[in-house]
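Here's a quick briefing on one protein chain, grouped by topic. Have a look at the model first, then read on.

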Amino acid sequence: MEKKKDISSSDNSIKGVPCYIPSKDLVRNKAKALRKNLATDDKASLDKGVYENTIKLLSELNDNKAIKCIYTYASYGKEADTIKLIEHFLNRSVNIAVPKVLSDGIMDFYRIGSMEDLTSGYMGIPEPNSNCQLCPHDEFNSYETLMLMPGLAFTRDGKRCGYGGGYYDRFLQTEPMHLRVALCYSWQLFDDFKTENTDMYVDYIVTEKEIIKCSVPHADSNEEQT
């Protein structure tokens with residue numbers, strides 16, 4: 001019986017033989033299975049580390065540029081938590097914008113003033129209610145914004161495997177200037193996986209263990225995709 005490949009690592013053992021690079025579907029299923037088994041107590045501990053490292057990174061970034069608006073997902077289920085982060089920055093008068101699904105594959109970000117502005121939306125995911133205003137695309141300069149992004153799997157050079165809907169990829173095609181910070185747990189990091197021309201890279205990855213500055217800045221990856 002052929003030994004099943006470990007999709008979390010690359011096989012470089014045979015010189016001249018191409019490395020095995022798993023598909024996004026394979027990686028997506030692997031990440032979903034790992035996340036499904038995540039216990040509540042373990043998640044709380046992981047989220048604490050992600051929160052602390054995210055605050056650390058954003059504080060460092062804020063020393064170099066005045067961050068006026070954070071585009072962020074509102075965490076759902078077993079995603080890396082952002083609720084505590086949203087509350088932290090709302091309490092410090094930072095503008096917060098959360099995505100809202102408008103149609104199949106299309107979303108935009110709406111500003112919230114408190115957690116009470118969130119309601120159950122597409123597939124039960126928290127999103128801004130009907131009273132929230134669209135965050136104007138030209139309101140802030142590129143150096144004044146950043147985006148906290150979810151995902152199922154990532155690589156250290158900035159590849160992202162999302163849920164398959166393409167929402168973030170399409171949005172970033174229209175607003176590519178945002179600095180992109182992915183939040184995840186350490187076991188969501190993979191050596192590599194296949195990508196498509198429309199896939200958007202991230203600039204930083206924050207886990208409970210570390211802050212990773214990706215080796216392929218998103219500006220470079222976008223140029224390759226055009």
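Let's start with helix α4: its buried residues are Y167, Y168, D169, F171 and L172, where buried means under 20% relative accessible area, exposed means over 50% and partly exposed lies in between, computed with a 1.4 Å probe on protein chains only. Those buried residues pack against β1, β2, β3, β6, β8 and β9, with contact taken as heavy atoms within 4.5 Å. Helices here are DSSP runs of H or I with at least four residues, strands are runs of E with at least two, and both are numbered from the N terminus.

A word on the ground rules: this is a predicted model, in which local features need pLDDT of at least 70 and side-chain atom pairs count only at pLDDT 80 or more, while totals for chains, interfaces and linings use all residues. Residues are numbered from 1 along each chain as its sequence is written, and side-chain values use heavy atoms, with hydrogens and water left out.

**The chain overall**

- The chain has five helices and eleven strands.
- Of its 226 residues, 49% are buried.
- Take the contacts between residues at least 6 apart in sequence: 68% of them join residues at least 24 apart.

**The seven-stranded sheet**

- Seven strands make an open sheet with mixed pairing, in the order β3-β2-β1-β6-β9-β10-β11; two strands pair if DSSP finds at least two bridges between them.
- The edges are β3 (106–112) and β11 (211–213); each has a single partner strand, so one side of each is left without a neighbour in the sheet.
- From one strand to the next, the twist averages 25°; axes are lines fitted to C-alpha atoms (for helices, over the stretch in contact), and angles run from 0 to 180 degrees between N-to-C directions.
- Strands β1 (residues 69–72) and β6 (residues 145–149) run parallel and are joined by four bridges, with I70 standing opposite L146 in β6.

**Strand β9 and its neighbours**

- On one side, β9 pairs with β6 in the parallel sense over four bridges, and V181 in β9 is the bridge partner of L148.
- Three bridges also join β9 to β10 (residues 204–206), again in parallel; here A182 stands opposite I205 in β10.
- How many of the residues of β9 are buried? Five of its five are, so to speak, under cover.
- In a regular strand the side chains alternate between the two faces of the sheet.
- In β9, L179, V181 and L183 point one way while R180 and A182 point the other way, and all are buried.

**Helices on the sheet**

- Helix α3 (residues 83–90) lies across β1, β2, β3, β6 and β9 (179–183), and runs at about 130° to β2.
- Helix α4 packs on the sheet too, touching β1, β2, β3, β6 and β9, and its direction makes about 75° with that of β3.

**Pocket and cavity**

- The largest pocket holds about 880 Å³ of space. On a 1 Å grid over the protein atoms alone, a pocket is an open set of points with protein on both sides within 12 Å along at least five of seven lines, a cavity is a set where a 1.4 Å probe fits but cannot get out, and lining residues have an atom within 4 Å of a point.
- Grid points are joined across faces, edges and corners, and a volume is the space filled by probe spheres set on the points.
- That pocket has 36 lining residues, and Y163, G164, G165, Y167 and Y168 lie nearest its centre.
- Which element gives the largest share of the pocket lining? It's α4, with five residues.
- α1 (24–36), β2 (95–103), β5 (126–128), β8 (160–161) and α4 (167–174) each supply at least two lining residues.
- The whole structure has one cavity of 30 Å³ or more, and the largest cavity contains about 40 Å³ of space.
- Residues lining the largest cavity include R35, Y73, E79, Y163, L183 and Q188.

**Two positive phi values**

- Most residues other than glycine have a negative phi, and most peptide bonds are trans.
- S93, in the loop between α3 and β2, has a positive phi near 60° and is exposed, at 68% relative accessible area.
- M123 sits in the loop between β4 (118–120) and β5; its phi is positive, near 55°, and at 62% relative accessibility M123 is exposed.
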